[in-house]
Each structure stands twice: as C-alpha cells, then as structure tokens.
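I opened a new notebook page for this model. My entries follow in the order in which I looked things up.

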Amino acid sequence: MAELLIIKERIRAFYQKYSRILIPVFKFLLSLIVFLVINAYLGCDDALKAPYITLALSLICAVAPASILPVLAALLLILHIKKVSIILTVGLALVFLVMYLAYVRFAPRYSYVLVIMPVLYLLKIPYAIPLVLALYSGITAMIPMVLGVVLYYILNAVRQVVVAQTATTAGDSMDVYNQVVSSVVGERYMWYTIIMFILVFAVVYVIRRSQMKYASQTAIAIGALVNVIGFLVGEFLFSVQGEIGIMILGTILSAGIASIIQFFRLTLDYTVVEHYQFEDDEYYYYVKAVPKFTVTEPKKEVQRIHAQQENDNTANLRDAVQEAYRNSKEYVDAVPEIDEEFDFENDFKVDLEEMDLDNSNEE
Amino acid sequence: MIQGDKVRCMVKIARFEQSEGRDALKNCMFYKNDYVRLNLLKMVVSYTAVYVIICVMVAAYYLEYLVANAVVLPYTRIFVITGSIYLILLVLCISISIWYYSKRYDMYQRQLSGHYENLKTMRSFYQEKKEE
C-alpha cells in the first residue's frame with residue numbers, strides 16, 4: 001500500500017509540475033479518439049475522414065475550452081450524415097439542439113459525458129460512467145448520462161440505416177427518418193439500460209455518501225454487482241445473445257477504472273478514525289474525522305564513489321597557492337644568505353605570522 | 001518586506017476568483033429573487049423551444065398520416081392535448097428550477113462568505129501598512 005501511495009504522490013507531483021502541457025495533451029488524445037471513432041463508425045463522407053481534418057479538429061479541442069469537443073463532434077456527425085440524407089441530418093441536428101437547450105446550456109460541466117458515452121459503448125465499458133459519475137458528482141449528473149445512452153442508440157440506429165441504404169430522393173429520406181425514430185423509440189433494451197444506469201448511479205451515490213468505513217470502495221463493489229445482476233436479468237428478458245461474458249468483463253474493467261480514479265482522488269486511513277465533540281453558541285457538534293493517507297517519499301542518499309570533480313574555484317585556488325609557493329622559493333633561491341638560514345618548510349609560516357602581527361600593530 | 005500571511009491570503013483570493021468562485025462572483029451580483037427569475041426566464045424559453053422541436057419531430061414522423069387526413073383531423077383536440085402537456089410540464093419545470101436555482105444561489109453565498117473573510121483580512125493588512 002505504501003509503495004502504491006508513493007507512486008500516486010510521484011504521479012501527482014509530475015502532473016502538477018507539467019499540468020500546463022499534460023492537460024492539452026490529454027484533451028488532444030481524447031478528441032483524437034472521439035473523432036477517429038466517429039469517422040470509423042459513421043464516416044459517410046470520405047473528404048471529412050482525411051487525417052489532417054481529424055488532426056486539426058483535435059488540435060482545436062486541445063487548446064479550446066472543454067465544452068468545444070461536444071460541439072465539434074456533433075458538427076462532424078451532422079456533416080457525415082448530410083452525405084446520406086438531408087432529412088436525417090436535420091433530424092440529428094434537432095436532436096443535438098434539444099440536448100443543448102435541455103441540458104448543456106445550463107450545466108456545461110458534464111457535457112463531455114454525452115461524447116464519451118457512445119465511445120465507451122464501442123469499447124464495451126459504458127458501465128464505467130454511472131460508477132465514476134456517482135463517485136464524485138452530484139445527482140444532476142444523471143441527466144447527461146441518460147442523454148448519452150439515448151445518443152448512442154440514436155447513432156446506432158442511424159448507422160444501421162446508413163449501412164442498409166443510401167437515400168437520394170426526398171421520399172426515401174422520410175423513410176430513413178421514420179426507420180431511425182421507430183428503431184430508437186421501439187428499442188426496449190435502451191429504456192431498460194437507462195433504468196439500470198439510474199439504479200446503479202443511485203446505489204453508488206447513496207453508499208459513498210454514507211458514514212460507513214471504506215464507503216467509496218464498497219459503493220463501487222455493490223454498484224458493479226447490481227450492474228451485473230441487472231444486465232443479466234435484462235439479457236434474459238430481452239434475449240440479447242452473446243453479450244453476457246462481454247458485459248461481465250466490461251463491468252469488472254469499469255469497476256477497476258472507478259477504483260483507480262477513486263484512489264487518485266481520495267484515499268482515507270480508516271485505522272485512525274478520530275471522534276470529536278464540541279459546541280458553539282448555536283450547535284453541539286459530533287465530528288468524525290478520517291485522515292487521508294499521507295506518505296513522504298524516502299530521501300535518496302547518494303554515496304560518491306569517484307573523487308569530487310574539480311571546478312573553477314578549486315582550480316584557481318590551487319593555482320594561486322602553487323604560484324605563491326613558487327615565487328617564495330624563487331626568492332629564497334635568489335638570496336643565498338637567506339637560503340642558508342631560512343628553512344622554507346617551517347620558517348615561512350612563522351615569518352608570515354610575524355608580518356601579520358606587524359600589520360595589526362600598525363593598524 | 002514580504003509578509004507570509006499576506007501572500008497566502010492573496011493566493012487564496014486569486015485562486016478562488018479564478019476557479020470555483022468565478023460563477024459565484026458573477027451570479028451573486030444579483031439579488032436572490034432576480035437571479036432565480038432570470039434563470040427561470042431562460043429556462044422557459046429553452047423549454048418552449050425544446051417542446052416545439054419535439055412536436056415538429058413527432059409531426060415529421062407522422063407526416064404521411066397528417067397529409068392524408070389533413071381535412072378530417074380534430075385540430076382543436078390536438079391543440080388542447082399538446083397545450084395541456086406543455087402547461088403541465090412547464091409547471092413542473094418551473095417548480096424544479098425555482099428549487100434548483102435557490103439552492104444554487106445559497107451555495108454561491110456560502111462560497112462567497114469565506115472569500116469576503118479573506119478580503120477583510122487583506123484590508124486589515126493594508127490598513128496596518130497605512131498606519132505605519
């Protein structure tokens with residue numbers, strides 16, 4: 001555990017140090033994934049699938065505020081669908097407008113959920129959204145989660161219709177629109193998924209807010225369990241074939257992602273819970289304080305094997321001493337009488353000391 | 001000379017004004033009633049637009065039927081039903097919005113109370129300096 005906490009601290013310190021670079025890089029990568037998925041999943045217009053367009057859009061998202069990603073993703077989708085059916089394009093644009101007016105305009109904070117949900121559906125881990133959102137957001141985060149599920153099923157229906165036919169006349173286009181609407185509204189499994197996600201969200205939200213020990217970890221575990229049981233029942237009820245294994249794996253992976261996020265967000269030490277009671281003029285307080293895990297990174301002791309490297313200062317000092325020594329020796333060599341009497345090794349010091357004394361007396 | 005407490009206080013103020021306090025500072029310049037009414041107005045406009053768009057989309061779905069039976073359609077009944085649904089949902093949305101925006105305003109006020117304390121501390125620093 002201590003090693004994990006040290007790694008966490010290192011990663012956190014690294015992130016804090018380079019956040020100015022890392023945040024745009026993460027935004028760029030996320031945008032790139034979203035645009036690549038859109039191109040692969042609903043890429044009807046080959047011109048829009050060009051790599052430089054994808055890169056340019058991702059670069060814009062990297063430097064712009066986070067709320068620009070849903071707007072550009074919606075725009076790209078609309079332009080792709082425009083190639084197939086005008087009426088479907090108008091329908092999709094109206095759906096995005098409804099989503100914007102109903103939610104994004106008021107609470108743009110979680111608008112990225114709308115974009116991420118369809119992407120996670122394709123990666124088979126949409127269950128991560130209710131688990132993660134319920135851990136650190138308010139109850140209003142349920143709205144983008146539900147809209148995200150609806151958006152995925154709309155895009156899925158559009159894809160099925162687009163793959164089946166390419167409409168050219170107005171009559172065909174109306175048929176395409178009717179097919180998509182019937183497919184989405186009549187998709188009972190979508191409504192069941194929405195109910196299940198709301199249930200999982202509510203379970204995780206209630207448990208993680210409780211005062212029990214390891215509330216967040218318990219919330220993730222129980223939420224994952226409810227998710228598995230709920231979708232197992234759903235798959236039997238709606239006869240969904242071959243999805244059980246993927247669903248269980250996806251839930252385990254989602255619970256893992258939620259645990260990692262929770263670990264980085266908050267790690268509490270329940271072994272030293274403290275209880276306090278105190279009062280002020282208006283209230284009496286019963287306080288339960290759970291400390292956060294804190295670790296200090298062990299200091300590394302560096303043992304020097306090689307001798308200290310010579311720098312400019314030591315080199316200058318050594319040269320000065322050698323020169324002084326040489327000069328004094330030359331002086332002694334030049335005056336033979338002194339040489340006889342003067343013992344360079346022992347008397348030189350004494351002589352200097354006497355000189356210093358003289359100087360100090362003069363002062 | 002740099003005063004540690006003063007720098008800490010300034011950092012707190014700057015951090016609040018540039019992150020979580022941005023919305024609070026922007027919205028708390030209104031009185032609570034004005035703030036709730038303004039957002040209620042925005043909500044009603046958005047809700048009406050959403051309702052009209054959904055009606056248009058439903059109409060587009062039943063377009064063939066509507067065109068075929070344009071003469072015999074019970075228009076009065078259709079308008080009464082759609083109007084009633086609109087009004088019921090509007091009342092619901094208004095109730096939720098009043099509760100939500102009131103709660104949000106109170107939250108902003110709580111956030112700002114700490115900020116005002118820091119501003120008072122800063123003022124006391126400047127007054128001390130002036131007296132010196």
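How many residues does the contact take from chain A and from chain B? I find 16 residues from chain A and 15 residues from chain B, with contact meaning heavy atoms within 4.5 Å.

Before going on, I note that this is a predicted model, in which local features need pLDDT of at least 70, side-chain atom pairs count only at pLDDT 80 or more, and totals for chains, interfaces and linings use all residues. Residues are numbered from 1 along each chain as its sequence is written, chains are lettered from A in the order written, and side-chain values use heavy atoms, without hydrogens and water.

Next I looked up the area buried between chain A and chain B (accessible area lost on being put together, 1.4 Å probe, summed over both). The value is about 1300 Å², and carbon and sulfur atoms give 70% of that area.

I then checked which elements of chain A take part. α5 (86–104) and α9 (170–185) each supply at least two residues of the side of chain A that touches chain B; helices here are DSSP runs of H or I, at least four residues, numbered from the N terminus. α5(A) gives the most to that side, with seven residues.

A:Lys124 has a positive phi, near 70°, and lies in the loop between α6 (112–122) and α7 (128–136) of chain A. A:Tyr214 also has a positive phi, near 50°, and lies in the loop between α10 (188–209) and α11 (215–237) of chain A. Most residues other than glycine have a negative phi.

Notes
Buried area is the accessible area (1.4 Å probe) that two parts lose on being put together, summed over both.
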